[in-house]
Amino acid sequence: MIMKIKDHITSAATQVGDFLTFAKQDESGLLSVINDILGPVPQPDHPSKLEERASAAGMIDVIRYWQATDKAPPATEEEIRQFFIPSELTSISDQTGLSEDATMSMLRELLPRSVRRRATNACLIPTKTTINNV
């Protein structure tokens, strides 16, 4: 019972902190951390870490869709957990000062956009042919 009360207080304090610091609106720091984790922009013969993880999980079609879609819907929590290992999620939260909930929420919004920008910068926009061949 005491632990439940403590958890509720901690959760409420975290939400208030995220609100007061505009944590969920500050994208630049999180984008920098995402790009650091993902490594170099993918090239045709050198997939990104994200592409390698997506391929291993049988989810490369998700990445190809994001690369090809200008305004893709947010990622799911399941997708985020497939593409980032737990220590990376903790590191992102620690480096940005975001709560775990705020980190997940922002990653869901920003990862598809980041993947699209990285593909655009690398001129890797998939065509319908490459999407259908996945």
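I sorted the lining of the largest cavity by class and got five nonpolar, two polar and two charged residues. (Ala, Val, Leu, Ile, Met, Phe, Trp, Tyr, Cys and Pro count as nonpolar, Asp, Glu, Lys and Arg as charged, and the others, Gly among them, as polar.) The model is predicted, with pLDDT of at least 70 needed for local features and 80 or more for side-chain atom pairs, while totals for chains, interfaces and linings use all residues. Residues count from 1 along each chain as its sequence is written, and side-chain values use heavy atoms, without hydrogens and water.

Next I looked up the volume of that largest cavity: about 50 Å³. Its lining includes Leu38, Pro42, Ile63 and Val115. (On a 1 Å grid over the protein atoms alone, a 1.4 Å probe fits in a cavity but cannot get out; a pocket is an open set with protein on both sides within 12 Å along at least five of seven lines; lining residues have an atom within 4 Å of a point. Volume is the space filled by probe spheres set on the points, which are joined across faces, edges and corners.)

Which of its residues are buried? I found Glu88, Leu89, Ile92 and Ser93 (buried is under 20% relative accessible area, exposed over 50%, with a 1.4 Å probe and protein chains only). The face turned away carries exposed Pro86, Asp94 and Gln95. Just after H6, I noted a positive phi of about 75° at Gly97.

Terms used. Helices (H or I, at least four residues) and strands (E, at least two) are DSSP runs, numbered from the N terminus.
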